[in-house]
Amino acid sequence: MKIQTDFVMSINGEAVTTEATQPVFNPATRSVFTQVPDASREHLDQAVDAAQGALKVWSATPAEDRQKALETYADLIESHAEELLSLLTAEQGKPRAGSEWEVFGSVAWLRAVASLRLPEEVVDETEDRRVVTRFTPVGVVGAIVPWNFPILLAIWKIAPAVMSGCTTILKPSPYTPLCDLKLAELAQQAFPPGVVNGLSGGDDLGIWMTTHPRINKIAFTGSTETGRHVMKSASETIKRVTLELGGNDPAIVLPDVDAKALAPQLFWAAFQNNAQFCNATKRLYIHEDVYDDVRDALVEFIEQNVKVGDGAEADTDLGPIQNAMQYGKVQDYFKDCQDNGHVFAVGGEIDESAAGWFVPVTLVDNPPEDSRIVREEPFGPILPLLKWSDESDVIARANDTIYGLGASVWGTDLEAVERIGGQLEAGTVWLNEVHQYSPFQAFGGHKQSGLGCENSLHGLMEYTNWQTITMNRNTG
Ligand code: NAD
């Protein structure tokens, strides 16, 4: 399929181009294959005017009609799936299987969110009084998206925003603007003008959004560092914020596992999306009784099964690192491990002359607990394996982090699995499974992994203000 290369922004139902443009790279070749518009402050003001203008009618539109519009949008994305799949691989680097998960997951998400209804809570109902708490749309939502799952994480924001009666301005990462501009373009066929707007630009555009006085909420997914800036900027106008930030997810493996059988699951827990995944297992704590077996089974699985390469090739399992900035950061983690004499069980050397930003799958064999590779979020395919022997000690080590996004526990003694899982400080704790998400399941981070949640009725409510209305029926 020939990949589309001309992209526009969507403001008030109109296609908008700019004289200034920004390059988009294919990470498998390191080459620029197209340019996208570079929004100015004036473009943002126009989008805010459009979103504020559309708000009155859209927020008063019955939920059933909003549901129909979301379902139409889901159908449109589904009918453009092939195009989106190719685009996603070209700009993000992920192989087809990962793109399918994201595109068809987004379609399913839209349909599920469309079925949600905000409650009206009758707090008191007597002859004399009626007290009701209801949930009204918060207003214009700035949706700021990262480069690792540009489609799914945009839909996680657009869907609840429009279903709750808000209007929205979508801002993709400058590294992966194409799919998101396409999503905004398709939205014009499903929603009235101004309900979904899409702008591309640099990080500056994100700053302008978070400081804009007429944007009422920021729904943000990205790094913890940027999340701090967002929260600070939003404080000026007391904007609502939902922050989905970084993670350093631990996985704890108990002594009773079958190492060989478990290795593929542990591998994908850590390396899905080439480990450019907030919820990737980033520290693997293996009980000392099975440490060597699990490590060796992982090495064997990687050597026999995993091909790193261009995501556009059918047999590729893991694509490249998505951008030069991130590639530099990952290189730095490799160098830090080498400089500190950490042992690699597999991988360890990056071939810098490769055509794309490719990095070999790498396991670091029991580095010190205070090493950078254990303490930080590398966001690339390099995973520390760590030994444990005492249950309370491993729980303390797993929790000893500023992050609290996800965690998993693996073992056949279900009582022990549950006991350990119950003590982990994370928004999602998976027991003998991992990365199971649902539109009906609240998702968010504890500690510095985030604020608020996405998905479920709780996530939908984050796009609303609660409002209590009390009435005294005694008028005489
Ligand atoms: P990033 O923080 O660099 O950028 C995210 C978005 O914020 C981009 O659109 C960027 O243009 C914009 N931005 C940058 N500076 C800004 C500012 N000062 N104000 C407003 N917006 C600004 O993150 P990234 O590198 O694109 O993504 C990787 C990070 O995202 C990782 O830390 C990862 O763990 C995290 N992430 C979290 C989740 C989650 O759900 N918790 C999901 C995916 C990724």
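**Worked exercises: helices and a buried glutamine**

Gln4 has 18% relative accessibility, so Gln4 counts as buried (under 20% relative accessible area; exposed is over 50%, partly exposed in between, with a 1.4 Å probe and protein chains only). This is a predicted model, where local features need pLDDT of at least 70, side-chain atom pairs count only at pLDDT 80 or more, and totals for chains, interfaces and linings use all residues. Residues are numbered from 1 along each chain as its sequence is written, and side-chain values use heavy atoms, with hydrogens and water left out.

**Exercise 1.** Find where Gln4 sits and what Gln4 touches.

*Solution.* Start with the place: Gln4 is in the segment before strand E1 (9–11) (helices, H or I, of at least four residues and strands, E, of at least two are DSSP runs, numbered from the N terminus). Next, leave out residues up to four places away in sequence; Gln4 then touches Glu83, Leu87, Lys182 and Glu185 (contact means heavy atoms within 4.5 Å). Finally, check Leu178: it is 174 residues from Gln4 in sequence, but 9.1 Å away in space, C-alpha to C-alpha.

**Exercise 2.** Work out how H5 runs relative to H4 and H2.

*Solution.* Take H4 (residues 96–114) and H5 (residues 150–163) to begin with: their axes come within 9 Å and cross at roughly 10 degrees (axes are lines fitted to C-alpha atoms, for helices over the stretch in contact, and angles run from 0 to 180 degrees between N-to-C directions). That makes H4 roughly parallel to H5 (under 35 degrees; over 145 is roughly antiparallel, 65 to 115 roughly perpendicular and the rest oblique). The residues of this contact split into 14 nonpolar, 2 polar and 1 charged (Ala, Val, Leu, Ile, Met, Phe, Trp, Tyr, Cys and Pro are nonpolar, Asp, Glu, Lys and Arg charged, and the others, Gly among them, polar).

Now H2 (residues 63–79): its axis comes within 9 Å of that of H5, crossing at roughly 155 degrees. H2 and H5 are therefore roughly antiparallel. On the H2 side, the residues meeting H5 include Leu70, Tyr73 and Ile77.

**Exercise 3.** Look for a bend in H1, and list some of its buried residues.

*Solution.* H1 has a kink of about 40 degrees, centred on Ala54 (the bend is the angle between axes fitted to the seven residues ending there and the seven starting there). Ala54 is also one of the buried residues of H1, and others among them are His43, Leu44 and Trp58.
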